[in-house]
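Please read it alongside the model shown here.

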Amino acid sequence: MNILPLMQLRQNLDDFEAFYSMLDDSHAGLDPARRRILDSQVVLLLANQIGDMAVLREVFALARVKLDMIRPASENADSSRPG
């Protein structure tokens, strides 16, 4: 197992504020369902751009850890899911 992360962990954007504005603007006027579709499309396009499954595994693992740090898993239960 590689002990060094494969993905870039330091800020790598030249202009974080411009990126955030672009992200925010892309959601303008969309209902929540269409926002989720847009986000999914962006994830798939960026995943294709990255193209490295090991890096993508790290990205998803880190995103999940950060999500659970923001909001504990017990509070993340999606009440809209059947079952």
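Aspartate 68 has a relative accessible area of 30% and is therefore partly exposed (buried means under 20% relative accessible area, exposed over 50%, partly exposed in between, with a 1.4 Å probe and protein chains only). The model is predicted: local features need pLDDT of at least 70, side-chain atom pairs count only at pLDDT 80 or more, and totals for chains, interfaces and linings use all residues. Residues are numbered from 1 along each chain as its sequence is written, and side-chain values use heavy atoms, with hydrogens and water left out.

**Charged pair in α3**
- Aspartate 68 forms a salt bridge with the side chain of arginine 64, at 3.8 Å from N to O (a side-chain nitrogen of Lys or Arg within 4 Å of a carboxyl oxygen of Asp or Glu).
- Both arginine 64 and aspartate 68 belong to helix α3, 4 residues apart, or about one turn of the helix.
- Arginine 64 counts as exposed because its relative accessibility is 53%.
- The search of the whole structure gives 1 salt bridge.

**Helices and their ends**
- The protein chain contains 3 helices and 0 strands (DSSP runs numbered from the N terminus: helices are H or I, at least four residues, and strands are E, at least two).
- The order of elements from the N terminus is α-α-α.
- Helix α2 (residues 32-50) has 19 residues and should span 27 Å at 1.5 Å a residue, in agreement with the 27 Å between its end C-alpha atoms (the expected span is 1.5 Å times one less than the number of residues).
- The N-terminal end of α2 is capped by aspartate 31, with a side-chain oxygen 3.0 Å from the backbone nitrogen of alanine 33.
- Just after α2, glycine 51 has a positive phi of about 70°.
- At the start of α3, a side-chain oxygen of aspartate 52 comes within 2.9 Å of the backbone nitrogen of alanine 54.

**Surface**
- Of the 83 residues in the protein chain, 7% count as buried.
- The accessible surface of the chain is about 7700 Å², with 59% belonging to carbon and sulfur atoms (Shrake-Rupley method, 1.4 Å probe; for residues, only the protein chains shown count as cover).
- A nonpolar surface patch consists of Leu13, Phe16, Phe19, Tyr20, Met22 and Leu23, together about 570 Å² of accessible area.
- Patches take residues with over 30% relative accessible area and no salt bridge, joining like charges within 9 Å and nonpolar side chains (Val, Leu, Ile, Met, Phe, Trp, Tyr) within 5 Å.
- Phenylalanine 16 lies in helix α1 (residues 16-26) and is partly exposed, at 39% relative accessible area.

How values were computed. A polar contact is a pair of N or O atoms within 3.5 Å; within protein, one must be able to donate a hydrogen and the other to accept it, and residues adjacent in sequence count only if both atoms are side-chain atoms.
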